[in-house]
Amino acid sequence: MMKHHSDETQRLEVKQYFEAIKKYAQSIPEKRYPHQNRYIALLHLLSDSVSSLTRKRMEDESEPAACEQGCDACCYFAVITVSRSELDEIRHYLNVKQDEEVGVILKRQWSDWETEKSSAIQPCPFLLQEQGRCSVYPVRPMACRLLLSSRKCSREDESSGEFQSCQKFTRLGWQEMPLRPDTLLKALESQRSGWLDFEPGKLLDEEKIDLKAFTPEELWTMLNPSASTKTQDDSMALSKKVNSPTIP
Ligand code: SF4
Ligand code: SF4
């Protein structure tokens with residue numbers, strides 16, 4: 001039964017929202033966005049659009065982004081957040097798209113992690129540490145996609161509490177975008193929870209997961225194909241629907 005809310009203008013129906021944006025989700029190129037859930041592909045495309053517009057804004061303001069390939073200090077942040085829907089996408093990517101060699105490297109890193117966890121600053125479990133490369137790059141979470149800094153960060157910065165990054169993206173004013181990534185993420189999480197409607201705006205803290213909080217055992221299940229079938233839920237069912245050729 002539909003929940004009653006005092007301020008209906010602030011709420012959207014989940015089903016209608018997804019119907020309205022379905023054609024956009026279906027049109028995302030699979031080569032760059034190889035996601036099983038095409039709504040997550042859309043979420044990441046929108047995030048990338050915000051990022052590239054912000055880069056341009058930063059250049060215009062003579063403070064170009066320092067971010068470049070191989071720069072990985074931000075992958076050592078104290079907390080690296082991901083939504084449950086994006087985590088499912090990462091799990092699927094690791095199971096289906098990831099090459100065997102990367103799986104071996106990740107497992108080795110996680111074994112080391114078990115013994116070293118209490119000491120040094122830990123990286124994100126999906127960082128290929130020797131290469132300074134993200135093993136799940138095409139499906140990395142929105143939080144990683146939006147991060148931009150006008151100065152080169154370093155791990156030392158974080159330990160001394162002086163880490164400064166991601167100062168710029170809010171200045172883009174994504175609140176004014178006709179299709180906002182944060183609204184889409186909220187809808188995806190609402191749909192997972194079985195809600196009929198949702199309120200755009202900030203995600204609740206409990207809807208975020210810290211990638212660094214996983215134990216090695218929990219991470220290993222992500223590389224186990226049988227584990228992926230246990231994670232099938234409404235969100236995945238939705239993704240299959242979007243991919244279905246019967247949809248015009
Ligand atoms: S946020 Fe900092 S560490 Fe991350 S890519 Fe940009 S400059 Fe490098
Ligand atoms: S998911 Fe990838 S980009 Fe994001 S913190 Fe982890 S290694 Fe870095």
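**Chat notes**

A: S62 sits in the loop that runs between α2 and β2 (81-83), where helices (H or I, at least four residues) and strands (E, at least two) are DSSP runs numbered from the N terminus. Before going on: this is a predicted model, where local features need pLDDT of at least 70, side-chain atom pairs count only at pLDDT 80 or more, and totals for chains, interfaces and linings use all residues. Residues are numbered from 1 along each chain as its sequence is written, while chains are lettered from A and ligands numbered from 1 in the order in which they are written.

Q: What is the phi of S62 like?
A: The phi of S62 is positive, near 60 degrees, in a residue other than glycine. S62 follows α2.

Q: Is S62 buried or exposed?
A: S62 counts as exposed because it has 7 C-beta neighbours inside 10 Å. The cut-offs are 20 or more other C-beta atoms within 10 Å of a residue's own for buried, 12 or fewer for exposed, and partly exposed in between, with C-beta atoms placed from the backbone.

Q: How far apart are the end C-alpha atoms of α2?
A: They are 33 Å apart, and this agrees with the 33 Å that the 23 residues of α2 (residues 38-60) should span at 1.5 Å a residue. The expected span is 1.5 Å times one less than the number of residues.

Q: And what about α3?
A: Helix α3 (residues 84-97) has 14 residues and reaches 19 Å from first C-alpha to last, close to the expected 20 Å.

Q: Which residues of α3 are buried?
A: S85, E86, D88, E89, I90, R91, H92, Y93 and L94.

Q: Back to α2. At what angle does it cross α1?
A: The axes of α1 (residues 14-26) and α2 cross at roughly 75 degrees and come within 9 Å. Therefore α1 is roughly perpendicular to α2. Axes are lines fitted to C-alpha atoms, for helices over the stretch in contact, and angles run from 0 to 180 degrees between N-to-C directions. Under 35 degrees counts as roughly parallel, over 145 as roughly antiparallel, 65 to 115 as roughly perpendicular and the rest as oblique.

Q: Which residues make the contact?
A: From α1, F18, I21, Y24, A25 and Q26; from α2, R38, Y39, A41 and L42. Contact means C-beta atoms, placed from the backbone, within 7 Å. By class there are seven nonpolar, one polar and one charged. Ala, Val, Leu, Ile, Met, Phe, Trp, Tyr, Cys and Pro are nonpolar, Asp, Glu, Lys and Arg charged, and the others, Gly among them, polar.

Q: What is in the loop between α1 and α2?
A: K31 is found there. K31 is exposed because 7 other C-beta atoms lie within 10 Å.

Q: Now the ligands. Which residues come nearest to ligand 1?
A: C67, C71, A73, C74 and C153, of the 10 residues around ligand 1. A residue is near if its C-beta atom, placed from the backbone, lies within 6 Å. The shell has seven nonpolar, two polar and one charged residues.

Q: Which ones are around ligand 2?
A: C75, I80, C124, F126, L127, C134, V136, R140 and C144. Their classes are eight nonpolar, no polar and one charged.

Q: How many helices and strands in the chain?
A: There are 10 helices and six strands. Of the 248 residues, 31% count as buried.

Note on methods
Contact = placed C-beta atoms within 7 Å.
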